[in-house]
Amino acid sequence: MALPIKGEIALLYIHDGTIYRPLACLTSNSFNPSVSIIESNTKCNPGVTIKTAGMFNYTLEAEGEYIDTTSVGGDTTKASHDYLFTKMTAKLPVTWKLDTGVTGVIYYGTGIITDLPLDQGSGDDLSTFSITIEGSGDVAKVDPKAWTSVFSQQFTNQ
């Protein structure tokens, strides 16, 4: 019998230049890959539509609780809205990691943060944020940052 995977163990991370930081206090996250379809109708085959695979695209989306990750006493090991906002306004790609919760199935890639709403209600409402990352390039199963850290570690040890 197959064992179901609980969503709570799957985590989304953003690389900060040194390590992957988990997105703070996630309440949900999703990985949405898709392939566009190219349709062709020709006079060689009238009335028949031929479909072929087009471009590969993906987005990552997540929602979480807004926590302090920058000031003294804040949890600087996580990436919350404040940290992600600096990445978004830099308009540079971020390297991400998605640990699916299945042993050996971890996805890596780069993308642009395109959406980062911050919701702050009143009373007992907690501040929350959501994020959308538009993928750029392929999705890998090998950490693109692994060779960098191994190389820099070897370089510093010499």
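These questions and answers go through selected residues of a predicted model. Local features need pLDDT of at least 70 and side-chain atom pairs count only at pLDDT 80 or more, while totals for chains, interfaces and linings use all residues. Residues are numbered from 1 along each chain as its sequence is written, and side-chain values use heavy atoms, with hydrogens and water left out.

Q: Is arginine 21 buried or exposed?
A: Arginine 21 lies in strand E2, residues 20–22; strands (E, at least two residues) are DSSP runs numbered from the N terminus, as are helices (H or I, at least four). Buried means under 20% relative accessible area, exposed over 50% and partly exposed in between, with a 1.4 Å probe and protein chains only. Arginine 21 has a relative accessible area of 9%, so this residue is buried.

Q: Over the ring of which residue does the charged end of arginine 21 sit?
A: A charge sits over a ring if NZ of Lys or CZ of Arg is within 6 Å of the ring centre and within 35 degrees of the ring normal. For arginine 21 the distance to the ring centre is 4.1 Å, and the ring is that of tyrosine 83.

Q: Are the rings of phenylalanine 56 and tyrosine 58 stacked, edge-to-face or tilted?
A: Rings of Phe, Tyr and Trp (its six-membered ring) pair if their centres lie within 6.5 Å; planes under 30 degrees apart count as stacked, over 60 as edge-to-face and the rest as tilted. The structure holds six aromatic pairs. In the pair of phenylalanine 56 and tyrosine 58 the centres are 5.8 Å apart and the planes are at 45°, so the pair is tilted.

Q: Which residues touch the most other members of the largest nonpolar core?
A: A nonpolar core is a set of buried Ala, Val, Leu, Ile, Met, Phe, Trp, Tyr and Cys residues joined through side-chain atoms within 4.5 Å. The largest one has 17 residues, and those touching the most other members are Ile14, Leu84, Trp96, Ile131 and Ile133.

Q: How far apart are the C-alpha atoms of glycine 7 and serine 28?
A: Glycine 7 lies in the segment before strand E1 (11–15), and is exposed, with a relative accessible area of 55%. Glycine 7 and serine 28 are 21 residues apart along the chain, and their C-alpha atoms are separated by 7.8 Å.
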